Structure formats: structure tokens, C-alpha cells
Amino acid sequence: MATAETHYTLPLPRFDQPVKLLIVVAPYYRDIADNLIAGARATAEKAGATVDLIEVPGALEVPTAIGMAERMAEYDGYVALGCVIRGETTHYDTVCNDSSRGITLLGLQGACIGNGILTVENRAQAEVRADPAGQDKGGGAAAAALHLIALSRTWATAKKGIGFRA
């Protein structure tokens with residue numbers, strides 16, 4: 001069982017320049033989303049990052065919103081949050097796979113994204129994973145975005161950027 005295991009967590013990176021994150025959340029399950037947001041905000045604050053928050057209708061819209069922000073706004077990284085609980089149809093598989101695929105493709109293009117979209121079998125699993133005092137997957141997603149930002153700043157130079165930005 002995952003709750004009984006111990007996992008190593010990288011220490012948060014330190015930044016000498018400001019970091020601006022965009023949290024994109026699908027609040028279909030409001031209480032779970034609020035816990036994910038709380039964890040992400042707390043982790044961003046520990047790293048000294050500023051945070052903006054937007055809401056989208058569902059998990060499938062999260063990658064689209066991040067892609068739009070990557071092209072049209074000025075953020076260093078993104079935190080994707082939401083929750084998909086298995087139901088009685090194959091819609092669960094579509095939402096899980098396509099939202100994850102969209103986020104992965106954006107990441108491969110250079111966007112620094114922490115994926116905190118929970119994909120669970122039931123509400124109890126979601127509650128434990130979203131709880132900032134539990135598994136804190138929102139905080140983990142923010143930490144992932146911060147680590148990717150640190151990597152991108154390490155590798156980016158004046159002559160060579162990351163991704164498709166000029």
C-alpha cells in the first residue's frame with residue numbers, strides 16, 4: 001500500500017531570480033481541488049515563488065489552458081491540478097490518458113509543468129492524496145514544476161533558450 005511506503009523527496013531548489021507559477025485547476029471535486037491548491041501554494045511559498053490561479057471546467061482543459069499561457073503569458077512554470085475518479089464508463093480512461101498526454105507533450109516542448117491531476121479509483125484515495133497533511137500531491141506537483149524551472153535556468157543561455165520561446 002502506497003501510504004505505508006517511505007519516499008525520498010528532493011529538497012526545494014533555491015532561486016536567485018523571481019519565479020512566477022500559474023496553477024491551473026479543474027475544480028470538479030471542489031474540496032479535493034481546494035486541498036491540492038493549498039498544498040501547491042504552500043510549497044510555492046516555501047520556495048519564494050509567486051502564484052496565480054485559474055480554473056477550467058475539467059481535467060481535459062488543463063493542458064489547453066497551460067498551452068495558451070505558455071504562448072501568451074509570462075510564467076516560469078505551471079502546476080496542473082484536478083481529480084478524476086473512476087466511474088462506470090470508459091470516460092475515466094479518456095480523461096486520464098488525454099490530460100496526461102497533453103501535459104507531457106507541453107513538457108517535451110519546454111514548458112515546466114508539475115502534474116498534480118489525481119487519477120484514482122475512489123474518493124477516499126483522492127482525499128488522502130490531496131490532503132496537504134497527507135500525501136500532499138498538490139505540493140508535490142508545485143515542487144516538480146519548481147525543479148524543472150531550476151533545470152531550465154541552469155541549461156538556458158543567452159544564445160540558446162528552452163522550447164519554442166524566442
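Predicted model: local features only at pLDDT ≥ 70, side-chain atom pairs only at ≥ 80, totals over all residues.
Close-up 1. Residues are numbered from 1 along each chain as its sequence is written, and side-chain values use heavy atoms, with hydrogens and water left out. The axes of helix 2 (residues 61–72) and helix 3 (residues 91–108) come within 8 Å and cross at roughly 20°, so the two count as roughly parallel (angles under 35 degrees). Axes are lines fitted to C-alpha atoms over the stretch in contact, with angles from 0 to 180 degrees between N-to-C directions. Helices are DSSP runs of H or I, at least four residues long.

**Close-up 2. Who touches whom between helix 2 and helix 3.** Helix 2 brings Val62, Pro63, Ile66 and Gly67, and helix 3 answers with Ser99, Gly102, Ile103 and Leu106 (contact: heavy atoms within 4.5 Å). By type, that's 5 nonpolar, 3 polar and no charged residues, with Gly counted among the polar ones.

**Close-up 3. Tyrosine 28 and tyrosine 29 pair edge-to-face.** The structure holds 2 aromatic pairs (ring centres within 6.5 Å). In the tyrosine 28–tyrosine 29 pair, the centres sit 4.9 Å apart and the planes are at 85°, so it's edge-to-face (over 60 degrees). Tyrosine 28 is exposed at 65% relative accessibility, while tyrosine 29 is partly exposed at 22% (exposed is over 50%, buried under 20%, partly exposed in between, with a 1.4 Å probe and protein chains only).

**Close-up 4. Aspartate 136 has a positive phi.** Its phi is near 50°, in a residue other than glycine. Aspartate 136 sits in the loop between helix 4 (123–130) and helix 5 (137–155).

How values were computed
Phe/Tyr/Trp six-rings, centres within 6.5 Å; stacked < 30°, edge-to-face > 60°. Parallel < 35°, antiparallel > 145°, perpendicular 65-115°, else oblique.
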